[in-house]
Amino acid sequence: MNKDKISAFTLKIASSNGTGLITILYDIYEEYEGDALEYFEAGQVDDAIVALKKCSEVVNHLQKDLNFEYKVSGNLYALYDYVQRNVAKSIYKANSDGLLEAKKVMDELGEAFEQIAKEDKSAPLMKNTQAVMAGATYSRNSLNENIMGNQSSRGFWA
């Protein structure tokens with residue numbers, strides 16, 4: 001994943017609610033998954049393994065954040081465990097077979113959480129973040145970002 005994508009994810013995280021954060025984690029997983037598949041196709045096994053380890057970290061994070069007060073968390077834990085085992089299989093066999101199996105599960109779960117996130121109208125988790133408006137203004141080939149809001153309320157005045 002390149003620095004531009006990391007910056008884009010950071011901006012999304014700053015303005016997301018709880019369910020939105022879960023969908024962002026699925027998007028991050030999908031980026032690393034795509035990177036790993038591309039590396040395998042190109043024969044760059046070492047780079048693919050690095051991307052697979054990042055996939056594993058994301059799934060580990062999803063697994064740790066489960067709230068077991070809800071019944072569905074037990075099912076999600078088992079699915080994440082299945083994904084972890086398949087990603088690990090791809091790492092030690094150095095091929096994409098396990099990753100493709102894990103992709104089926106993660107794609108389904110990602111779509112489900114995306115639908116849930118559309119219905120979640122709760123406030124963003126992070127307060128006092130800057131709103132960033134991005135769009136094609138005054139330029140045909142570049143993206144211009146503007147920070148909105150009252151900047152005088154941020155920081156300390158000496």
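Contact is taken here as heavy atoms within 4.5 Å. The structure is a predicted model, in which local features need pLDDT of at least 70 and side-chain atom pairs count only at pLDDT 80 or more, while totals for chains, interfaces and linings use all residues. Residues are numbered from 1 along each chain as its sequence is written, and side-chain values use heavy atoms, with hydrogens and water left out.

The protein chain contains 5 helices and 2 strands, where helices (H or I, at least four residues) and strands (E, at least two) are DSSP runs numbered from the N terminus. Along the sequence these elements follow the pattern α-α-α-α-α-β-β. Of the 158 residues of the chain, 28% count as buried; buried means under 20% relative accessible area, exposed over 50%, and partly exposed in between (1.4 Å probe, protein chains only). The accessible surface of the chain comes to about 10900 Å², and 53% of this belongs to carbon and sulfur atoms. Accessible areas come from the Shrake-Rupley method with a 1.4 Å probe, and for residues only the protein chains shown count as cover. Among contacts between residues at least 6 apart in sequence, 54% join residues at least 24 apart.

A nonpolar core is a set of buried Ala, Val, Leu, Ile, Met, Phe, Trp, Tyr and Cys residues joined through side-chain atoms within 4.5 Å. The largest such core has 27 residues, of which Y29, Y80, V83 and V87 touch the most other members. Helices α2, α3 (45–64), α4 and α5 (97–119) each supply at least two residues of this core, and the largest share, 9 residues, comes from α2. Leaving aside neighbours within four places in sequence, Y29 is in contact with C55, V58, V59, V83, V87, L99, A102 and M106.

Three further residues were examined individually. D35 lies in helix α2 (residues 18–42) and counts as buried because its relative accessibility is 14%. Residues up to four places away in sequence not counted, D35 touches M1 and A51. D35 and M1 are 34 residues apart in sequence, yet their C-alpha atoms are 7.2 Å apart in space. T23 is also found in helix α2; its relative accessible area is 14%, so T23 is buried. With residues up to four places away in sequence excluded, T23 touches F113, E114 and A117. N86 is placed in helix α4 and, at 6% relative accessibility, is buried. Beyond residues up to four places away in sequence, N86 touches G98, L99, E101 and A102.

The largest pocket has a volume of about 240 Å³. A pocket is an open set of points on a 1 Å grid over the protein atoms alone, where a 1.4 Å probe fits, with protein on both sides within 12 Å along at least five of seven lines; lining residues have an atom within 4 Å of a point. Grid points are joined across faces, edges and corners, and the volume is the space filled by probe spheres set on the points. The lining consists of I22, L62, D65, L66, N67, Y70, V72, S73, L76, Y80 and F113. Helix α4 (residues 72–93) provides the largest share of this lining, 4 residues. By class, the lining has 8 nonpolar, 2 polar and 1 charged residues, where Ala, Val, Leu, Ile, Met, Phe, Trp, Tyr, Cys and Pro count as nonpolar, Asp, Glu, Lys and Arg as charged, and the others, Gly among them, as polar.
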